[in-house]
Amino acid sequence: MPAIRHHVPDDMLMGYAAGVLPQAFDLVVATHVSLNDDARVRLAGFEELGGAVLSDLKEVDLAPDSLEQTLAKISRMAPTERGTRSNGVFPAPLRKMIGGDVAAVKWKSIARGTKQAVLCSDGEATARLLYIPAGQAMPEHSHRGTEMTLVLQGGYSSVDGHYVRGDLEVADQQTNHTPIADDDGEDCICLVATDGRLLFNGLLPRLAQVFLRI
Ligand code: ZN
């Protein structure tokens, strides 16, 4: 398994620790953390410091044994699931929401084998699964706000590198990318959270279909 090089930003982890993220982003961060040791250790640190740092401007007096407490907390957590696919493609937080693994997903076709399934949408943010056949490009789209894409199966190449299972790509309004699924293996499945609507270029489904040459 290649090392994960694309991590969740600190502010997103802090928001998760503080419980203030929209459900869609909460789901992506929880799933990412279950696949990524580095994110898990950083999260444990934020959770340990969270109450004091986030809610109090007073100087923080750390307990003398705060490091030991943090390490103990980490050791009590379930082991990360990265690399172990014996339990299926979806890590626990995602499996819980869907009620199963890939076979339980109610996909809706977008175009040429590309499918999606919206998991939650609260007007503030949306989480969806995207299924991109090996070798195909994701539908072209722009970003109204933040978009977090977590790879669960296969891999893809984007503007700033190659992403595989457990990797997280964060895009914003400035990002212009057309990720392309690897063509040498499994179809690519990603969990994507967006705030605002994911704007497929031109808004018109027919235009996307022309672009994808259906
Ligand atoms: Zn994007």
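**View 1. Lining of the largest pocket.** Strand E2 supplies the largest share of the lining of the largest pocket, 4 residues. This is a predicted model, in which local features need pLDDT of at least 70, side-chain atom pairs count only at pLDDT 80 or more, and totals for chains, interfaces and linings use all residues. Residues are numbered from 1 along each chain as its sequence is written, and side-chain values use heavy atoms, with hydrogens and water left out. The largest pocket has a volume of about 280 Å³. Of its 14 lining residues, Lys106, Trp107, Gln116, Ala117 and Val118 are the closest to its centre. A pocket here is an open set of points on a 1 Å grid over the protein atoms alone, where a 1.4 Å probe fits, with protein on both sides within 12 Å along at least five of seven lines; lining residues have an atom within 4 Å of a point.

**View 2. The zinc site.** His141 (NE2), His143 (NE2), Glu147 (OE), Glu147 (OE) and His177 (NE2) coordinate the zinc ion at 2.0 to 2.6 Å. Donors are N, O and S atoms within 2.8 Å of the metal (3.2 Å for Na, K and Ca); water is not among the atoms, so sites may look incomplete.

View 3. His141 lies in strand E4 (residues 141-142) and His177 in the loop between strands E8 (168-171) and E9 (180-181), so the pair ties together parts 36 residues apart in sequence. Strands (at least two residues) are DSSP runs of E, numbered from the N terminus. Both His141 and His177 are buried, meaning under 20% relative accessible area with a 1.4 Å probe, protein chains only.

Methods
Buried < 20%, exposed > 50% of the residue type's maximum accessible area, 1.4 Å probe, protein only. Points joined across faces, edges and corners; volume = space filled by probe spheres on them.
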